[in-house]
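This report describes selected parts of one protein chain. Please keep the sequence and the structure in view while reading.

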Amino acid sequence: MTLLAATGLTKHYQISRGFGPASVVQALTEVSFTLDAGETLAIVGESGCGKSTLARCVAGLVEATSGTLALSGEPAADLLKRDRMRFHRSIQMVFQDPYASVNPRRKVGDTVADGLRLHHIVPRAQRRAKVLELLGRVGLAAEHMARYPHELSGGQRQRVAIARALAVDPSVIVCDEPVSALDVSVQAQVMNLLADVQRERNVAYLFISHDLALVQHIAHRIAVMYLGQIVEIGSAAAFKRRLTHPYSQSLFAAAPRIGGTREALVPPLEGEMPSPIDPPSGCRFHTRCPHAVPRCAAEAPALRDVDGRLVRCHLAESITAAATEAAV
């Protein structure tokens, strides 16, 4: 069942330049995807590609400039106007920095209980028992309930943030780099916790990350973003077999591997990502693409089906054929 459907999501920011005309930052442009119950869709890409902006648009923290978002078939814009509380109960968010996302002035128990109180999940007399249940679910003890965030480790704070999100029994949790600020050993614990929660509650995750090895392990589908656009989206299994878009190839080939080397025939990604204030014409990746032809600069490619996945590239078939021949 499709829980979340984004169609043409676009987010532009106007920035002032003193007395001159304002500039427009094209943070997101025509982003479309679906997310099913019990599914993890990972969004990957370089810093500044629009991943966190997308997360905030989906969570209702930022209003999109255009495009639509539907929650269980109902337009999110209508739901936010009519019943904002219901929307935020359905979609919760776990932020990247556990040191900034948990109120330092409030005890852990109060932080977790906020959702129970605001959304009237349980009667007041039962809140303490429910908070203890939630803390136990994320691996924290009853004694943590009376502690302040500064008395907890980073991993414990992130567990509190997860417990806070789970308190309202959401159908979708947006995870914006939820383990990047944690030690590697703690990352594994938090990821195992998220996997257990998904199995038990059939919750869907929109998982934002720059850790390519991690997303290949935990995601059902992967979407690669470049300069505010999705350039390739498909199943994680398909990504392991072959990457079709040249940006996806270079991005994943650059990921470090223990005892491994760069994939053969994949040229290194050169240059920096262009500014979202003045993105290139045509294909936004053509200024860094080793396969670019004049058409790439003149005509913007559409996101289309290529070998069972969606790819935004004019040359996807020829690049895939060449890679297949080289492998043989």
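## Terms and model

A polar contact is a pair of N or O atoms within 3.5 Å; within protein, one must be able to donate a hydrogen and the other to accept it, and residues adjacent in sequence count only if both atoms are side-chain atoms. The model is predicted: local features need pLDDT of at least 70, side-chain atom pairs count only at pLDDT 80 or more, and totals for chains, interfaces and linings use all residues. Residues are numbered from 1 along each chain as its sequence is written, and side-chain values use heavy atoms, with hydrogens and water left out.

The side chain of Arg221 reaches the backbone oxygen of Thr34 at 2.3 Å. Arg221 belongs to strand β9, residues 221-226; helices (H or I, at least four residues) and strands (E, at least two) are DSSP runs, numbered from the N terminus. Arg221 counts as buried because its relative accessibility is 18%, where buried means under 20% relative accessible area, exposed over 50% and partly exposed in between (1.4 Å probe, protein chains only).

Contact means heavy atoms within 4.5 Å. Leaving aside residues up to four places away in sequence, Ile222 touches residues including Leu41, Val44, Ile233 and Phe252. Ile222 is also among the residues with the most contacts inside the largest nonpolar core, which has 97 residues. Such a core is a set of buried Ala, Val, Leu, Ile, Met, Phe, Trp, Tyr and Cys residues joined through side-chain atoms within 4.5 Å.

## Strand β10 and its partners

Strand β10 covers residues 229-235, and six of its seven residues are buried. Two strands pair if DSSP finds at least two bridges between them. β9 and β10 pair in the antiparallel sense over six bridges, and Met225 has Ile230 in β10 as its bridge partner. Their hairpin has two residues between the strands, and Leu227 takes a positive phi near 50° there.

β10 also runs antiparallel to strand β12 (residues 309-311), joined by two bridges. Within β12, Leu310 stands opposite Ile233.

## Cysteines

A disulfide is a pair of cysteine sulfur atoms within 2.5 Å. By this rule the count is zero. Cys289 is in no disulfide, the nearest cysteine sulfur being that of Cys296 at 6.2 Å. Cys289 is buried at 16% relative accessibility, and Cys296 is buried at 8%.
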